[in-house]
Amino acid sequence: MSVTAFDIWGPQQEQRPSLRRLPGLVRDGLRLVGAAGRRDLLVVVALQAVSGLAVTGQLLVARGVLAGLVSLDRGGPAPVLAGPVAALVIITVASNVASALQAERSHILMETVTQYTHGRILDGTEAFELAAFDTPELYDRLQRAQISAN
């Protein structure tokens, strides 16, 4: 018995965007990325968390620095601002480094996922008989899959 494109993928169905589909799409996307490069995914998520925590730290320290400056402007006692300003600079540098590393690792992860997806597409084409490659439906679907993988 021969296998055709419709045996594997079924008829093409147009679906309208829906918020109800979002959780499933996110789950499927995370599975795909996890299968392609779990370690890289964890590194990217960890660096994103570090960047988020650094922003929180920047806000808290900056609030203290601004409160000290306002106190100084109103004629209050001179607060010691050197420590908080240094902390703000260190947190800002750490945030920038984490963001740069996260961007680079995200690029590597994107390339890994693209290679993995292309491999999956090639693995799927092994099930077809040679004659199926002459059909426009299969060609169109393979083209869409390759474009989506990029």
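**View 1. A nonpolar surface patch in a predicted model**. An α-helix has 3.6 residues a turn, so residues three or four places apart point the same way.

**View 2. Helix H3 and its buried residues**. H3 runs over residues 82-125, which makes 44 residues. From first C-alpha to last, H3 reaches 64 Å, close to the 64 Å expected at 1.5 Å a residue. Its buried residues are Ser95, Ala98, Gln102, Leu109, Val113, Thr114, Thr117, Ile121 and Thr125. What do they pack against? Two helices: H2 (22-73) and H4 (136-149).

**View 3. Zooming in on Thr117**. Setting aside neighbours within four places in sequence, Thr117 touches Leu32 and Ala149.

**View 4. The salt bridge between Asp40 and Arg105**. Search the whole structure and you'll find 3 salt bridges. In this one, the side chains of Asp40 and Arg105 meet at 2.2 Å, N to O. Asp40 belongs to helix H2 and Arg105 to helix H3, so the pair ties together parts that are 65 residues apart in sequence. Are the two partners buried or exposed? Asp40 counts as buried, with 11% relative accessibility, while Arg105, at 22%, counts as partly exposed; the cut-off for buried is under 20%.

**View 5. A network of Arg27, Asp28 and Arg31**. Salt bridges with shared partners join these three residues into one network. Asp28 meets the side chain of Arg27 at 3.8 Å, N to O, and also bridges to Arg31, where the closest N and O atoms are 3.9 Å apart. Why are Asp28 and Arg31 about one helical turn apart? Because they are 3 residues apart in helix H2. As for accessibility, Asp28 is partly exposed at 39%, and Arg27 is partly exposed too, at 44%. Arg31 has 54% relative accessibility and counts as exposed.

How values were computed: Residues are numbered from 1 along each chain as its sequence is written. This is a predicted model: local features need pLDDT of at least 70, side-chain atom pairs count only at pLDDT 80 or more; totals for chains, interfaces and linings use all residues. Side-chain values use heavy atoms; hydrogens and water are left out. Helices (H or I, at least four residues) and strands (E, at least two) are DSSP runs, numbered from the N terminus. The expected span of a helix is 1.5 Å times one less than its number of residues. Buried means under 20% relative accessible area, exposed over 50%, partly exposed in between (1.4 Å probe, protein chains only). Contact means heavy atoms within 4.5 Å. Patches are made of residues with over 30% relative accessible area and no salt bridge: like charges are joined within 9 Å, nonpolar side chains (Val, Leu, Ile, Met, Phe, Trp, Tyr) within 5 Å. Accessible areas come from the Shrake-Rupley method with a 1.4 Å probe; for residues, only the protein chains shown count as cover. A salt bridge is a side-chain nitrogen of Lys or Arg within 4 Å of a carboxyl oxygen of Asp or Glu.
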